[in-house]
Amino acid sequence: MSDYSMKDIEWAKINRDVLASLESPRKEFWIVLSVCIFLVLCGAAAEVYQYNEGLGTALMNKPHFWQLYISNFVFWIGMSHSGTLLSAILLLTHADWRKPIYRFAEAMTLFSILTAAIFPVIHLGRVWDMYWVLPYPNERGIWPNFRSPLLWDAAAITTYATSSILFLYVGMIPDLAICRDNAKGWRKKLYTALSIGWMGRASEWMAFRKTYVLLACFLVPLAVSVHSIVASDFAMSIMPDWHITSFPPYFVAGALYSGCAAIITLFVLLRYVFKFEDYMTTEIMDKTAKLTFAIAMVWNYLNLSEYASIWYSNDMFEKEVLLEKFFGPYHWVVWGMLLCALVAPFAMAFEKVRHNMWAMFWLSLVLQLGMWLERFQIVSPPLASNHEPWTWAVVWPGLIQLTITVASFGWFTMLFLIFCKVFPSVSMYEVKEMVFHRRKASSRTDMEDLDKVKDDMIKAEEGLS
Amino acid sequence: MALKRMLENWSDLRKRDYYEDEPYMWGMSIDLNKCTGCGSCVTACYAENNLPVVGKERCGSGHAMHWMRIERYWEEPEGETDIDIEQSDYPERGAHYTPMMCQQCNHAPCEPVCPVAATYHTPDGLNAQVYNRCVGSRYCGNNCPYKVRYFNFFDFSKDIPAPLEMQLNPDLSVRSKGVMEKCTFCVQRIRSAKDKAEDAGHRDYIEDGAVKTACQQTCPTEAIVFGNLKDDDSKVKTLWAEHEVELNRHEQEKVEDARGYRVLEELNVEPSVMYLDRVRDTEA
Amino acid sequence: MRRRQKHFLFGVFDDFEKARDVVSELKVLDLKEKVIDNIELYSPIEHPEVEEILGTFHQPIQRFTFFGAITGAVCAFLLVAAAAQSMFTVQPQGGKPVIPLPMDIVITYEGTIMFGVYSTIVAFLIYSGLPRRLKKYYSQKVSEDQIGIEVQIDPTKSDKARAVLEKCGAVEIREVTQ
């Protein structure tokens, strides 16, 4: 039996509540939005300066060829993971508590990818020649080098970005139709175009459900592959402490971890701002927190086993880097990461914390900080103490890199704010389905019927019978 | 027809030692016993290869562009310290110089990671960098265990004061902002030597000593020897054989009097530069 | 050729059970008089039971997905193989395999998923009949909480169908000829 305690909500109220979140932004919305736009403009200015003067202005040097841009890239790609991946996994496992939270999680996925995709561009030495990475026929007969993990990255991210957009969009079509039926003015035109004439006919619903499940089947392995490939950027090199076999699963676990933390942050904010208490219940938060805790433990295990395998391998170079990580110039980054991402999640073992929205909010921010530090300590300390002792140097990211990093958070928030006001951030039709099946379940009392209802629900979600 | 030729090419290209039949395989030997750390090789490289002089500040921030650098390590002399030497004007501090430049690895880690194939292996054993193709992802720089790849973090060519652009070497390009570059074993000299050999009618043979790299030419103690490793009579090949350093070996066996080693060869990157260990007599 | 005019009845119900009754009654009517061309059900959420009352839908979307994915795999593999072969003709790679299989697998994997997703979307559009214009008689109530039944019927016999709809408690009935 499902144990969420959602009240029996009128369907019209669901429509009203969610559509109300689209209307008339408050003053605070405009203030936050303009702050975000300001940050984006600062980042753009920094990028223009760096573009004209050269990457040296970002204070990267030899041996720190990669720095904050790459760690930010990994961070944002990681954050994009939980949205689509969790939504797809929970869909396939018929976890119906996913329904009220998956829409904004998927939107988060999309916007994190859009943020992450900026970083390789900024990072390149010759941005203007970036299209050379694409495999297009040319008169020189030169093609990109598919041996390079960077090309796999390009392929994986293109696939992931387009598939995530399609998954988000397809799942949103019925809701866009609801918006269309209730909107006026430019919104009417927009929703009419986007809902492509969805009328909720039975044939549409059947095709829709099948498509949705099929897409979910693709997205689960895709999301896993994307972060494994990002991990390959490091694992395929011969740098000590980058060349680690366990990096792909470690990255995937880390991605899910920081993504879940981001979901919790946005969960609390949306619930508070849009007054979605009826949909985003404490029970759903409880389940999300438990999931985050489980993933955090997987990540912990992989992290510690990585240290152990380096220690016991007794490889001269790798051990050096490991010791430098803990006791060298970057030690506070590493200890900070361990404190925020390894120790802090144990707070979620307590039910009191899991049921306290604001405690979860601050905890999720701490976890994300830990994961951001984790990405920095993956990229920088191994470069600082590489194979060649003569080149050892400690470099901290400069003003330009920090500005662009802050701007990336502004960019993400800006996109997310606009999304919240243009598209419904809670899936109306799926919440209705949830209410419908629950109502049916509560109207019958004996266990046989409940089993049948459960079967119906499973069938409803499979749609492939 | 085309298919048949393709299949033929395949079996040809997939051979274990693809470059076996090539007449050239450039290699180097650096005798650390002879190296005094004077840095004239570095200067010669700057002059020959149009390297930008970045100035004190950028040098300090790690943006120097020296393709060849003198690494200085301190090795405390073994045994008891000799009071006489200690108190003399030139006490033994165990300074140890290593001229370090691109090792032209045969299994170069920088090559496969380039997204646009801007770096590749030439048939004569050089690790070539195509400046025009480079987009500046800097993955190669990270993956180089010797950290001998240099990135144009700024548009250095802008900073050349007025008449000095006249002294740039016309045989090779001036690199722009955002491009990776590194030691080429003075490929422009190799090329012109090859042209001369072809004019003289012996395409597959360049006599030993006809190509000299800028660093070799300038080294006052002749610590650097450069030549063709495929030529059994060349000086560099003789030295390699004498010190029992071979390609396709992870670890050189240490024999009496054989001082040869390749830096970081346990990584199996197959560098083409042999170093001869410095031998020190602390008792004398 | 003159296009035959189509006549539609559109009834709105506030309960799925009522709609289910309507469909069965309409089917009885159809059995007697053979006047109904098509029945379609409009709903705000998915009701998997509709297949029991409207008959099964033939929507082989998974076949599109399957063949799309295979096409993607083949295309991606060929792209990488051809690019690698082409590179070898201009740039020797020092005895490395001409077609690097382990790398091919990565790109093939991504290509499979990419084409699989695209072809699934195409199949979705084909079998759901989207994009299309909204029908004139479409009621906004359907996207909220009510069920719509569309009956395509011989215009001369529409009264009988109307009676059935009314009998079963239709909240609203719209009639359109086009």
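## Basis of the description

Because the model is predicted, local features are reported only at pLDDT of at least 70 and side-chain atom pairs only at pLDDT 80 or more, whereas totals for chains, interfaces and linings use all residues. Residues are numbered from 1 along each chain as its sequence is written, chains are lettered from A and ligands numbered from 1 in the order in which they are written, and side-chain values use heavy atoms, with hydrogens and water left out.

## The interface of chain C and chain A

The size of an interface is often given as the accessible area lost when the parts come together. For chain C and chain A the buried area is about 5400 Å², with carbon and sulfur atoms giving 68% of it; buried area here is the accessible area (1.4 Å probe) that two parts lose on being put together, summed over both. On the side of chain C, the residues that lose the most area to chain A are C:I45, C:E46 and C:E110, which together make up 13% of what that side buries. Counted by contact (heavy atoms within 4.5 Å), the interface draws 62 residues from chain C and 57 residues from chain A.

Across this interface there are 15 residue pairs in polar contact, both residues being at pLDDT 80 or more. A polar contact is a pair of N or O atoms within 3.5 Å; within protein, one atom must be able to donate a hydrogen and the other to accept it, and residues adjacent in sequence count only if both atoms are side-chain atoms. Elements of chain C that each supply at least two residues to the side touching chain A are β2 (36-42), α2 (50-54), α3 (61-90) and α4 (101-128), and α4(C) gives the largest share, 17 residues. Helices (H or I, at least four residues) and strands (E, at least two) are DSSP runs, numbered from the N terminus. By residue type, the side of chain C that touches chain A divides into 36 nonpolar, 14 polar and 12 charged residues, where Ala, Val, Leu, Ile, Met, Phe, Trp, Tyr, Cys and Pro count as nonpolar, Asp, Glu, Lys and Arg as charged, and the others, Gly among them, as polar.

## Salt bridges

Side chains of opposite charge can pair when their charged atoms come close. C:E46 pairs with A:R209 in a salt bridge whose closest N and O atoms are 3.0 Å apart.

Within chain A, A:R126 and A:D129 meet at 3.6 Å, N to O, and both residues are buried, a term that means under 20% relative accessible area, with exposed meaning over 50% and partly exposed in between (1.4 Å probe, protein chains only). The salt bridge of A:D181 with A:R180 has an N to O distance of 3.1 Å; A:D181 is buried at 6% relative accessibility, and A:R180 is buried at 2%. A:E374 and A:R375 form a salt bridge at 3.0 Å, N to O, and both are buried. Salt bridges that share partners also join A:R98, A:R209, A:E430, A:E433 and C:E46 into one network.

## Cysteines and a buried serine

A disulfide is a covalent bond between the sulfur atoms of two cysteines. With the cut-off for a pair of cysteine sulfur atoms set at within 2.5 Å, the whole structure has zero disulfides over all chains. For B:C186, the nearest cysteine sulfur is that of B:C215, 6.2 Å away. B:C186 is buried at 6% relative accessibility, whereas A:C217 is partly exposed at 39%.

A:S364 lies in helix α13 (residues 357-384) of chain A and is buried, with a relative accessible area of 1%. Leaving aside residues up to four places away in sequence, A:S364 touches A:A261, A:I264 and A:T265.

## Backbone sites

The peptide bond from A:K62 to A:P63 is cis, with omega near 5°, and A:P63 sits in the loop between α2 (27-53) and α3 (68-92) of chain A.

In chain B, B:A117 has a positive phi near 55° although it is a residue other than glycine; B:A117 is in the loop between α5 (110-113) and β4 (119-121) and is buried at 3% relative accessibility. B:C186, also not a glycine, has a positive phi of about 50° and lies in the loop between β7 (180-181) and α7 (187-199) of chain B.

Definitions and conventions. Salt bridge = Lys/Arg side-chain N within 4 Å of Asp/Glu carboxyl O.
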